[in-house]
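Dear colleague, please look over the structure shown here before reading the numbered points, which take it up part by part.

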Amino acid sequence: MLKNNDTIVAIATPSGYGAIAVIRISGVNSIKILKKIFLSFSGKKKLSEKRSINLGYIKYKNKIIDKVLIFIFKKPKSYTGEDIVEISCHGSIYIQNKLLAIIIDQGARLANPGEFTLRAFLNGKIDLCQAESILDIVNSETDFSHEFAINQMRGNISNLIKNLRKKLIYFLSLIEFELDFSEENYNIINYLEFKKLLDNIIKKLKDLIKSFKIGNALKNGISVSIIGCPNVGKSTLFNKLLKYERSIVSNIAGTTRNYIEDSLIINGIKYRFIDTAGINNKTKNYIEKLGIKKTYSNIKKSDIILYVFDNFNKKMIYNKKKKLQKEYPHKKIFIIINKYDLIKQKQIINYKNIINISAKYGYGINKLLYKITNFYKKMINLKKNSIVITQTRHYESFKEAVFYLSKVKENLEKKIFPEFLSIDIRTALDYLGKVTGEVTNEEILSNIFSKFCIGK
């Protein structure tokens, strides 16, 4: 996968019919291949080899295939750092496949998933963080996920990591200088300054680690599970939140046997609402038990829990919430009292932590949505240029880097031999380097770029 000395081709636009399609070629023979099959309006096979736009025809075996627009991007000022040709043709599936076959026949090969972006990385046009951000931009569904991806593509994380590595490398060089000249008793390191640097780096990395929970939720959607006993109105609430009949509703307890999920974008943030099977611990029905097991699995993975009741026993409600909160201490749990339209006035529970609704008639739904979105607004409170990580790979690397830098700090205070400091600093540098791709291997690259579509 890491060989980039040949010429690759792929259809860059989505499959299917459309007004136009784009076929992308990258590599040493890109322009040479096009010169063989391009025909200008004057009838001469003339293709400018400079950075240019050419209008003409693709002709193969004395047959005109299509009228096309050819874009030439000369290395190194191109996306991949190689010569790139992009053919804008008509969106016929036949034309797309025919042009692809012709170009392969002229010596190119079909690109692997993400190979254009991989070549950009290998040729030093982007680092690994920026490569991942390109995939995030393509997959972005909301304002927040798009904004974070754009910031990452612009190098926000990369620049921070490079700056931290530069400072660590400086002190590492001083430590190793002292080791090389230990017999001369050189003391050139200001260890107090070094300790301050370690504190500063560890703090910045811990801030990035903390940002992962928010970043990951905003990228993939905030998961909201609707739970409760059978027949309390979970599916009705689910449908009302989504504003269409997504889940089957009936008066028969246990209608929902498996979870149903759908998404809603509110104020630029994606929320994934999950309608779960009713919790009935007394059931003997095997299928219902499986559904309840899935409910608890969804609770574990969710960011927010909507705990729905239609029973107005305050003590029972708070006992159940207390039990659930104890089991999942880091989950935000909202208590929802449904069927408000059926409540007698004296039974109404009015507490700030309880939301009264009527899912059937829509009463209280807007208030519920406000509570959910306001909770995450307070949690997020991010500026558009904030550095937030969204990749599990970055999260794991930063955690490891913090571990080894904490060891360096601890050993520094214990006045452990400098060679041990050197080993741990190098290990931390490796983990930071893995984020940007300064330290990497083929397995990591294959895993990242295989997620891209062919043509990107």
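This is a predicted model: local features need pLDDT of at least 70, side-chain atom pairs count only at pLDDT 80 or more; totals for chains, interfaces and linings use all residues.

1. Aspartate 310 is partly exposed, with a relative accessible area of 29%, where buried means under 20% relative accessible area, exposed over 50% and partly exposed in between (1.4 Å probe, protein chains only). Aspartate 310 forms a salt bridge with lysine 339, and the closest N and O atoms are 3.1 Å apart; the term stands for a side-chain nitrogen of Lys or Arg within 4 Å of a carboxyl oxygen of Asp or Glu. The pair links distant parts of the chain, 29 residues apart, with aspartate 310 in the loop between strand S11 (304-309) and helix H10 (314-327) and lysine 339 in the loop between strand S12 (332-337) and strand S13 (354-356). Helices (H or I, at least four residues) and strands (E, at least two) are DSSP runs, numbered from the N terminus. Lysine 339, at 26% relative accessibility, likewise counts as partly exposed.

2. Residues are numbered from 1 along each chain as its sequence is written, and side-chain values use heavy atoms, with hydrogens and water left out.

3. How many salt bridges does the structure hold? There are 17 salt bridges, and one of them joins the side chains of arginine 119 and aspartate 6, at 2.6 Å from N to O. This pair links distant parts of the chain, since arginine 119 is in helix H3 and aspartate 6 is in the segment before strand S1 (8-11), 113 residues apart. Arginine 119 is buried, with a relative accessible area of 1%, whereas aspartate 6 counts as partly exposed at 25% relative accessibility. Both residues belong to a network of salt bridges that links Asp6, Glu82, Arg109, Glu115 and Arg119.

4. Another salt bridge is formed by the side chains of arginine 272 and glutamate 261, at 2.9 Å from N to O. Arginine 272 lies in strand S10 (residues 269-275) and glutamate 261 in strand S9 (residues 260-266), so the pair ties together parts that are eleven residues apart in sequence. Glutamate 261 is partly exposed, with a relative accessible area of 29%.

5. The aromatic side chains deserve a separate point. A search of the whole structure finds nine aromatic pairs, where rings of Phe, Tyr and Trp (its six-membered ring) pair if their centres lie within 6.5 Å, and planes under 30 degrees apart count as stacked, over 60 as edge-to-face and the rest as tilted. The rings of phenylalanine 121 and phenylalanine 449 have their centres 6.4 Å apart and their planes at 35 degrees, so this pair is tilted. Because phenylalanine 121 lies in helix H3 (residues 115-122) and phenylalanine 449 in helix H14, the pair ties together parts that are 328 residues apart in sequence. Phenylalanine 121 counts as buried at 11% relative accessibility, and phenylalanine 449 is buried with a relative accessible area of 0%. Phe121, Phe449 and Phe452 form one aromatic cluster.

6. Tyrosine 271 and phenylalanine 273 form a stacked aromatic pair, with 6.4 Å from centre to centre and 25 degrees between the planes. Tyrosine 271 counts as buried at 1% relative accessibility, and phenylalanine 273 is buried with a relative accessible area of 0%.

7. Two positions show a charge over a ring, a term that requires NZ of Lys or CZ of Arg to be within 6 Å of the ring centre and within 35 degrees of the ring normal. Arginine 24 lies over the face of phenylalanine 116, at 5.3 Å from the ring centre, and lysine 332 lies over the face of phenylalanine 334, at 5.1 Å from the ring centre.

8. Which residues of helix H8 are buried? Helix H8 (residues 234-242) is mostly covered, with seven of its nine residues buried, and these are Lys234, Ser235, Leu237, Phe238, Asn239, Leu241 and Leu242. Just after H8, lysine 243 takes a positive phi of about 70 degrees.
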